[in-house]
Structure formats: structure tokens, C-alpha cells
Amino acid sequence: MFVLTQLCLPLPQQSELNSFLWTIKRDPPSYFFGTIHVPYTRVWDFIPENSKKAFQQSHIIYFELDLTDPYTISALNSCQLLPQGENLQDVLPHDIYHRLKRHLEYVKLMMPSWMTPDQRGKGLYADYLFNAIAGNWERKRPVWVMLMVNSLTEVDVKSRGVPVLDLYLAQEAERLKKQTGAVEKVEEQCHPLNGLNFSQVVFALNQTLLQQESLRAGSFQIPYTTEDLIKHYNCGDLSSIIFNHDTSQVPNFINATLPAHEHITAQEIDSYFRQELIYKRNERMGRRVKNLLEEHPEKTFFFAFGAGM
């Protein structure tokens, strides 16, 4: 069980906390609510009542993707796979493949010590969890392996087994028998990631491995952590660029220590993701939201999207 403590300056009353809720003024009103990709138990007590009430009173709840739909999950898994007959060993440079294999062996070894008593109490065990997250890694496209490695940390492992906020809201909407929908197709979330060129993907995977290897050696500290993200969210702080990274779940490769040519590659990747995963997505989703509101003027919608978008 997590202890919820918060240091927001100046310290407001719970009811006065800034909420990631925006009202679309019409009759009846509709709402935008900014979610965050962390276990809902870490933030739920800090979400003000006006947001919870808006959710309860809305007729239709819309998400980016429908995470309760088995097709969505299966399509997300499929789009991460290499073409039939290909394995990661066939496509990655030899040294990167072996470093990756070594790192995943280290994670598998450490995972039992990362698990919490609470997780074990729920019947969640390290071997099962490792296989659920990384079991099929040799068949995945390098860009998805990079994202997997980036999230396979002690903090992330400790948070597994509790639904993240948007999934929890989707389950609640289902429980309350509300109508639900999604404004994106799986392909629209997948294709931009699969669209990075091969040299950029190898660069990104190499940088991610370097970062994880430095963390293991104790010579590197992540500039921001999941705890920072939760604190900013619970304090209602939207100004932080932390949220941009939560939305895309893509690590930031730009840092001062990179040689000039690698710095250019890092900037190209950052600019590509910003364009594809934030600007173009916002425009596309905005059009679909507008159409839904025009088609159903008598309904109250609650749109739950990533807060950093």
C-alpha cells in the first residue's frame, strides 16, 4: 500500500486543488479530463470532487483507445511485432543485441527483489510479470523493445498489478453501464512509432541501453522520475514538460554530453515524436471530438485523454 503524501506549494485545501478538468460550455455541458499513465491509487485521492462528479454525470465516456476491448489489446500487440519469420537478432547490430539480452537477464534476476509484499499477496509473481512484459521480446520491433526497456525499472515493476488511471476510468464506466468510445484507432498510435527510420531506432535503443547500464552502475540519475510526475499531477501543475514525456512514453535523448552528430539525431527524433504524437494527434482528435459534440448535442460527454497532449 502506498502512503499518499504531497508537498504542493502553497499548500491548498483538497477542494481547491487545480483539477485537470475543462468544461465545454454548452447545454448540457461536456468535459475534457487530463489523465496520467500511473496506478490510479497514486492519484485518485487527489482528484477533486468536481472531476469525479463530471464523470458520474456524463452520459458518454470517451478515451484515446478502448483499453477494455480485447481487439484493441490484440491489435496493439500485433503492431509491435516484426514481420513473420524475422527475429530481433536478425535485424539489430550484434553488439546492441547482446547488450540488450544481458540487460534483460539482469532485470529478470532482479525482479523478485523489486516486487512488493502487496503484489505477492495478490498472487503476482516475478516470473509471470517478466513474461507478461518481456516474454516475446525477440519478436518485437526495435522501437517497441526500446520503450519496453525504458519502462522495465524497479519503480515501474512495483506499480504493476494496479490499473493505470485511464484504464481504471474505463473499467468504472463499464461498471456504471455508461456508453464508451475511443477517438483513435490502434494503427494511428502504432504507425508513428513504427515510422522512425532504422538508424534513428538503433540510436534510440543504444541511448536507452546506455542510460539503463549507467543506472545499474550507479553513475546516472534520471532527470525526472515517476514520483515527480505523480507529484506534479497531484499538485495540478500542467506547466511541466514532464507531461509531454508521459503522453508519448518516449524517453528524451537530448542531452549536453552527446557528440554534435548524435545531438542532431536526438533532435530529429524529438521533433518527429512531437509532430506525430502530439501536434498531429491533437488536431485529428480535436476534429473527432467536434464531430461527436455536433452529432449528439443533447448528450454530456466526458473525454479522458493524456494530460500532456
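Reader: In which strand does S30 lie, and is S30 buried or exposed?

Author: In this predicted model, S30 lies in strand β2, which covers residues 30-35. A residue is called buried when its relative accessible area is under 20%, and S30, at 0% relative accessibility, therefore counts as buried.

Reader: Which residues does S30 touch, and with which side chain does the side chain of S30 make a polar contact?

Author: The side chain of S30 makes a polar contact with the side chain of R26, at 3.3 Å. If residues up to four places away in sequence are set aside, S30 touches W22, T23 and I24 on one stretch of the numbering, and also L293, K299, T300 and F301.

Reader: How should I read a pair of aromatic rings, and how many aromatic pairs does the structure hold?

Author: A pair of aromatic rings is described by the distance of the centres and the angle of the planes. The structure holds 14 aromatic pairs. One of them joins F32 and F303, whose ring centres are 5.4 Å apart and whose planes stand at 35°, so the pair is tilted. This pair links distant parts of the chain, since F32 belongs to strand β2 and F303 to strand β5 (residues 301-306), 271 residues apart.

Reader: Which residue lies over the face of Y106?

Author: R216 lies over the face of Y106, at 4.3 Å from the ring centre.

Reader: How do I read a helix such as α11, and which of its residues are buried?

Author: An α-helix has 3.6 residues a turn, so residues three or four places apart point the same way. Helix α11 runs over residues 198-217 and has 20 residues, and its reach of 28 Å from the first C-alpha to the last is close to the 28 Å expected at 1.5 Å a residue. The buried residues of α11 are Q200, V201, V202, F203, A204, L205, N206, Q207, T208, L209 and Q212. What covers these buried residues includes α4 (94-114), α7 (142-151) and α14 (260-295). After α11 comes G218, whose phi is positive, near 80°.

Reader: Which residues touch the most other members of the largest nonpolar core, and which elements give two or more residues to this core?

Author: The largest nonpolar core has 47 residues, of which L88, L100, M111, M148 and L152 touch the most other members. The elements that give two or more residues to this core are α2 (70-79), α4, α6 (126-134), α7, α10 (186-194), α11 and α14. M148 touches L104, I133, A134 and W137, when residues up to four places away in sequence are not counted. A second, separate core of 24 residues includes I36, V38, L165 and A307.

Reader: How many helices and strands does the protein chain have, and what share of its residues count as buried?

Author: The secondary structure of the protein chain comes to 14 helices and five strands, and 47% of its 309 residues count as buried. Among contacts between residues at least 6 apart in sequence, 80% join residues at least 24 apart.

Methods
Residues are numbered from 1 along each chain as its sequence is written. This is a predicted model: local features need pLDDT of at least 70, side-chain atom pairs count only at pLDDT 80 or more; totals for chains, interfaces and linings use all residues. Side-chain values use heavy atoms; hydrogens and water are left out. Helices (H or I, at least four residues) and strands (E, at least two) are DSSP runs, numbered from the N terminus. The expected span of a helix is 1.5 Å times one less than its number of residues. Buried means under 20% relative accessible area, exposed over 50%, partly exposed in between (1.4 Å probe, protein chains only). Contact means heavy atoms within 4.5 Å. A polar contact is a pair of N or O atoms within 3.5 Å; within protein, one must be able to donate a hydrogen and the other to accept it, and residues adjacent in sequence count only if both atoms are side-chain atoms. A nonpolar core is a set of buried Ala, Val, Leu, Ile, Met, Phe, Trp, Tyr and Cys residues joined through side-chain atoms within 4.5 Å. Rings of Phe, Tyr and Trp (its six-membered ring) pair if their centres lie within 6.5 Å; planes under 30 degrees apart count as stacked, over 60 as edge-to-face and the rest as tilted. A charge sits over a ring if NZ of Lys or CZ of Arg is within 6 Å of the ring centre and within 35 degrees of the ring normal.
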